[in-house]
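Please keep the sequence and the structure in view while reading.

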Amino acid sequence: MQRRTLLAAALASALPVAHAAKAPLLAGGDISALTWMERAGAVYRDRDGKPGDCLAILKRYGHNIVRIRLYDRTGSGTGADGWYWPEGSMDLPDVLSLARRAKAHGLQIQFSFHYSDFWTNSKTQDPPHAWRRELSKLPDDTARFERLLALVEQRTKEVMQALVNQGTAPEFVSLGNEIEMGMLYPWGRTSDWPRLGALLKAAHAAVKAVSPTSKVVLHLDGGGDVPKYRDWFDNARAQGVPWDVIGPSYYPFWTQKNVAQLMSFCDTISARYDSDLLVMEAGFNFAPNRADGWPGQLENNGPYPASMSSPEGQRNFMAELLAACKAHPRVLGVLYWDPIMIANRRVGWALKEGSGEPGPNVVSNTTLFDFKGRALPVLDIWKQYTQ
């Protein structure tokens, strides 16, 4: 009996291991500006032109996840360089409301902490104004950094607990936004990895303490840039920074890379770090210019021809991207930027201090709804990749 048992065990160990089938592709987009859009009178329509709830329309066409980003405080005086986000938009009460709406439609949530009151990216990672005022009163830089660590942990736990308490624990949580140069400047720059690592570890621990099942994403720009990601994540790993998912932004315009090149990058990075990836941002023009006739944020399509700046070209690009991501064993999904920030004279990339006038809406020609708010052809193909 013992010989047969040992033989069976040996044979079993020689057989190939069966891997679980990949889960359905996650594909959706950022809905953070939706409250502001609706307050400004935006109307969303399906492919037949019938108006309806924006999230219901996206869900019907196959969206299964949304991205929601949090700024600590919004309104006049909380921005930078004379611009700010409108009060009541993308602050905690607003994002909690958006999370409830998303869950009511059965959508997963990718929740992004900006740890700021305004836009953050490689150039700008300003801590919230209230934090800066508090830190400025402390006697030295060591005391300020120790307090910053505590503020990151406290705020992360507070927000996560609020999400959990209302039954909207996010499936994914990103610590900062496009943090390739760091976060919470000047303390968390990549020029000082021990401090940046400490901030990321504090935030990660806070997320997991409240919602252990939420997957933590580290989000950088430049999807396709292997040397950038190798340098950044090698440093993160050396500092003992944990993560669940690597989150690249990918735009053909900014990266000058096509989908095949992005997939080659995903092969390399997923293998090097044994990590899943979630494309945190992607975008493509459906028209060469914005509704006001000026070029948008994406001046061209990178390696794709200018003729693809059309509804059909946008559809074809997203079909290529979604199909490639669905076929890749370590790519969990794609989040589109910004699918719902449609042309509206009361909405722009930010509001001007003093006048409150909106700046240009630089993504009005890259949304998933046209200039009149009608769903674009790209939504016709969505469902075939998410089911």
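Which residues does T156 touch, not counting residues up to four places away in sequence? They are F113, Y115, A203, A206 and V207, where contact means heavy atoms within 4.5 Å. The model is predicted, so local features need pLDDT of at least 70 and side-chain atom pairs count only at pLDDT 80 or more, while totals for chains, interfaces and linings use all residues. Residues are numbered from 1 along each chain as its sequence is written, and side-chain values use heavy atoms, with hydrogens and water left out.

**Setting of T156**

- T156 belongs to helix α6, which spans residues 141–165; helices (H or I, at least four residues) and strands (E, at least two) are DSSP runs, numbered from the N terminus.
- With a relative accessibility of 0%, T156 counts as buried; buried means under 20% relative accessible area, exposed over 50%, and partly exposed in between (1.4 Å probe, protein chains only).

**Salt bridges overall**

- Across the whole structure, a search finds 20 salt bridges, each defined as a side-chain nitrogen of Lys or Arg within 4 Å of a carboxyl oxygen of Asp or Glu.

**The pair R60 and D46**

- A salt bridge links R60 with D46, and their closest N and O atoms are 3.1 Å apart.
- Because R60 lies in helix α3 (residues 54–60) and D46 in the loop between β2 (44–45) and β3 (51–52), the pair ties together parts that are 14 residues apart in sequence.
- R60 is partly exposed, at 43% relative accessible area, whereas D46 counts as buried at 5%.

**The pair R67 and E281**

- R67 forms a salt bridge with E281, with 3.1 Å between the closest N and O atoms.
- R67 is found in strand β4 (residues 65–70) and E281 in strand β13 (residues 281–282), so this pair ties together parts that are 214 residues apart in sequence.
- Both R67 and E281 are buried.

**The pair D234 and R272**

- The side chains of D234 and R272 meet in a salt bridge with an N to O distance of 2.8 Å.
- D234 lies in helix α8 (residues 226–238) and R272 in helix α10 (residues 259–273); the pair therefore ties together parts that are 38 residues apart in sequence.
- D234 is partly exposed, with a relative accessible area of 26%, and R272 also counts as partly exposed, at 38%.

- Salt bridges with shared partners join D30, R67, R69 and E281 into one network.
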